[in-house]
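Subject: Handover of a two-chain model

Dear colleague,

Please find the structure below, followed by an account of what was found in it.

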Amino acid sequence: MIRCLNEKQLWELYEAGESTLERAYGRAHLDSCDACQWHYQHLVRDLELIGQVLQEATNLSRDTVQIQGVTKSPPLPLAS
Amino acid sequence: MADGQEKFATLYRAHHSRIVRLCRLLLQYPPEADEVAQDVFLKLLKTESVWDHTIPLESWLTCFAVNACRDRRRSRWWRGRRETPQEFEETDFPSPYPTPEQVSVSSEQRARIWQEFRTLSPRQQEVFALRYIEGRTGEEVAELLGVTTGSVKQHLFRAVQHMRKALGGHI
């Protein structure tokens, strides 16, 4: 593959991982093209950053959730 | 019964944080998300059939959380009660020490990322959260949402394109 990879092709390589035969040509181009490498690294960095921001903001530091001083515990079964 | 309660408590401890996180991603009003997460575990408690291990409990919880969030978004009563769209308030759960990565992401970038995430379609939010926050494979996401892997890829790529605009990294 001689032509540079577009955003979708780069993303597909990211999704496919290292060892898929179907993406072998794209991977070969990526490995040999500085421009595509640069774009690929940006894609990876962006996805990591977005994931980090969304994950951090919704992470809970404890097993239980404390909201306004109230600790939520596992719901108790209702008496049958 | 005591054995069942112990099993439930173990499961709750193992998955509660993850389910709350998922609900908070899919619903923009944190107290509502916390309530839905609690409902998910109540439902688990009441649904005896899930304990027969035919469906992995982790998948069952995820599936039910996604569906419960979807139902909640459709609920008129809650729609009326919701405040204006807001990003998650990190001050609710302050971390004692910021990591270097946290320091390097500007508050402006964080706000833009949240803003863009909230403008994704509900399906795109679900796919993005399950794939990149929960770290599930495309096939797993497809199975959980009951759609094809092709559909997952399509939604995911559109979501990625949209989200990257927030960072100015669009090619």
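In which helix of chain B do B:Trp114 and B:Phe117 both lie, and how many residues apart are they? Both belong to helix H6 (residues 107–119) of chain B, where they are 3 residues apart, about one turn of the helix. Helices here are DSSP runs of H or I with at least four residues, strands are runs of E with at least two, and both are numbered from the N terminus. An α-helix has 3.6 residues a turn, so residues three or four places apart point the same way.

Before the details, a note on conventions. This is a predicted model, in which local features need pLDDT of at least 70 and side-chain atom pairs count only at pLDDT 80 or more, while totals for chains, interfaces and linings use all residues. Residues are numbered from 1 along each chain as its sequence is written, chains are lettered from A and ligands numbered from 1 in the order in which they are written, and side-chain values use heavy atoms, with hydrogens and water left out.

**The aromatic cluster**

The structure holds 9 aromatic pairs over all chains. Rings of Phe, Tyr and Trp (its six-membered ring) count as a pair if their centres lie within 6.5 Å; planes under 30 degrees apart are stacked, over 60 edge-to-face, and the rest tilted. B:Trp114 and B:Phe117 make an edge-to-face pair, at 6.0 Å centre to centre and with 85° between the planes. B:Phe117 also pairs edge-to-face with B:Phe128, at 6.2 Å centre to centre and 65° between the planes. Since B:Phe117 lies in helix H6 of chain B and B:Phe128 in helix H7 (residues 122–133) of chain B, this pair ties together parts that are 11 residues apart in sequence.

B:Trp114 and B:Phe117 are both buried (under 20% relative accessible area, with exposed meaning over 50% and partly exposed in between; 1.4 Å probe, protein chains only). The relative accessible area of B:Phe117 is 0%, and B:Phe128 is likewise buried, at 0% relative accessibility. One aromatic cluster is formed by A:Tyr14, B:Trp114, B:Phe117, B:Phe128 and B:Tyr132.

The 12 residues of H7(B) should span 16 Å at 1.5 Å a residue, and the end C-alpha atoms are 15 Å apart, which agrees; the expected span is 1.5 Å times one less than the number of residues. Of these 12 residues, 10 are buried, so H7(B) is largely enclosed by the rest of the structure. Among the buried residues are B:Gln124, B:Glu126 and B:Arg131. Just after H7(B), B:Gly135 takes a positive phi of about 75°.

The largest nonpolar core has 62 residues, and those with the most contacts inside it are A:Leu54 and B:Phe128. Such a core is a set of buried Ala, Val, Leu, Ile, Met, Phe, Trp, Tyr and Cys residues joined through side-chain atoms within 4.5 Å. Helix H3 (residues 34–58) of chain A contributes the largest share of this core, 10 residues. Leaving aside neighbours within four places in sequence, B:Phe128 is in contact (heavy atoms within 4.5 Å) with residues including A:Ile50, A:Leu54, B:Leu156 and B:Met163.

**The two chains**

Chain A has 3 helices and 2 strands, in the order α-α-α-β-β from the N terminus on. Buried residues make up 35% of its 80 residues. The mean pLDDT of chain A (the predictor's confidence in each residue, from 0 to 100) is 75, and 65% of its residues reach 70 or more. Within chain A, confidence is highest in helix H1 (residues 7–16), at a mean of 91, and lowest in strand S1 (residues 65–67), at 42. Over residues 61–71 of chain A the pLDDT is below 50, and this stretch has 19 contacts in the model beyond near neighbours in sequence.

Chain B has 9 helices and 0 strands. Of its 171 residues, 48% count as buried. Among contacts in chain B with a separation of 6 or more, 68% involve residues 24 or more positions apart.

With kind regards
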